[in-house]
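Please look over the sequence and the structure shown here before reading on.

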Amino acid sequence: SRRPPATAVGVEQWGDLDASRSVGQGTALTLPELVEICECMGPTVLAGVCEVMAKHYRHSRGGQPDLLVWNPVQRRAMFVEVKGPGDSLSAKQKVWISKLQALGACVKQLHVAATGTANPLDCFQRTAAEAQQEEATSAAVL
């Protein structure tokens with residue numbers, strides 16, 4: 001079964017939103033999804049993540065980003081760490097983010113806040129300045 005489009009995690013600039021998919025930690029994946037993810041991550045990022053997990057599993061099994069968003073049409077992947085009000089990155093999360101960025105992965109922090117609205121997707125609205133900064137950061141990483 002196809003995963004729902006990843007419209008709520010800031011992938012608007014990717015173009016074909018219907019092709020984007022997302023998954024959180026602990027989600028069971030099908031073999032075709034795993035193949036898509038590997039292709040979208042690319043060999044450098046995939047090998048780097050596998051190396052860290054194989055060599056340092058005891059110290060690296062926590063702290064991975066909350067979400068993985070991938071677009072099989074554009075062959076792109078993005079790691080997303082979600083933070084709520086008053087939440088900050090742990091030491092392990094900082095290590096993972098640093099390692100992923102060093103490997104050339106696109107890594108984003110998504111800050112969510114309560115909006116007092118009944119629509120849970122409203123908390124993902126970005127200002128124009130935030131969108132421009134995010135696009136500039138993405139362009140530099142990709």
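In this predicted model, residues 122-127 keep a pLDDT under 50, and the model has twelve contacts beyond four places in sequence for them. Residues 4-17 likewise stay under 50 in pLDDT, and for this stretch the model has 46 contacts beyond four places in sequence. Where pLDDT is low, the predicted coordinates should not be read in detail. Taken over the chain, the average pLDDT is 75, and 65% of the residues score at least 70. Among the elements of the chain, helix α5, at residues 128-141, has the lowest mean pLDDT, 55, whereas α4 has the highest, 93.

Four strands make up an open sheet with mixed pairing, and their order is β1-β2-β3-β4. The strands at its edges are β1, residues 21-24, and β4, residues 106-111; each of these has a single partner strand, so one side of each is left without a neighbour in the sheet. On average, and with direction ignored, neighbouring strands of this sheet are turned by 25° against each other.

Going across the sheet from β1, one finds that β1 and β2 run antiparallel and are joined by four bridges, with G24 standing opposite L67 in β2. Strand β2 is mostly covered, since four of its five residues are buried. The pairing of β2 with β3 is also in the antiparallel sense, over five bridges, and here W70 stands opposite A77 in β3. These two strands, β2 and β3, form a hairpin with four residues between them, and in the turn R75 has a positive phi of about 55°. Between β3, residues 76-83, and β4 the pairing is in the parallel sense, over six bridges, and F79 stands opposite V107 in β4. Helix α4, residues 91-102, packs on the sheet, where it touches β3 and β4, and its direction makes about 160° with that of β3.

An α-helix has 3.6 residues a turn, so residues three or four places apart point the same way. After α1 comes G42, whose phi is positive, near 85°.

A105 lies in the loop between α4 and β4, and with a relative accessibility of 5% A105 counts as buried. Although A105 and M41 are 64 residues apart along the chain, their C-alpha atoms are separated by 7.5 Å.

The cysteines remain to be considered. A disulfide is a covalent bond between the sulfur atoms of two cysteines. With a cut-off of 2.5 Å between cysteine sulfur atoms, the count of disulfides comes to zero. C40 is in no disulfide, as the nearest cysteine sulfur, that of C38, is 9.4 Å away. C40 counts as buried at 6% relative accessibility, and C106 is buried too, with a relative accessible area of 3%.

Note on methods: Residues numbered from 1 in each chain as written. Predicted model: local features only at pLDDT ≥ 70, side-chain atom pairs only at ≥ 80, totals over all residues. Heavy atoms only, no water. Buried < 20%, exposed > 50% of the residue type's maximum accessible area, 1.4 Å probe, protein only. Pairing = 2+ DSSP bridges. Axes fitted to C-alpha atoms, helices over the stretch in contact; angles between N-to-C directions. Contact = heavy atoms within 4.5 Å. pLDDT = per-residue confidence, 0-100.
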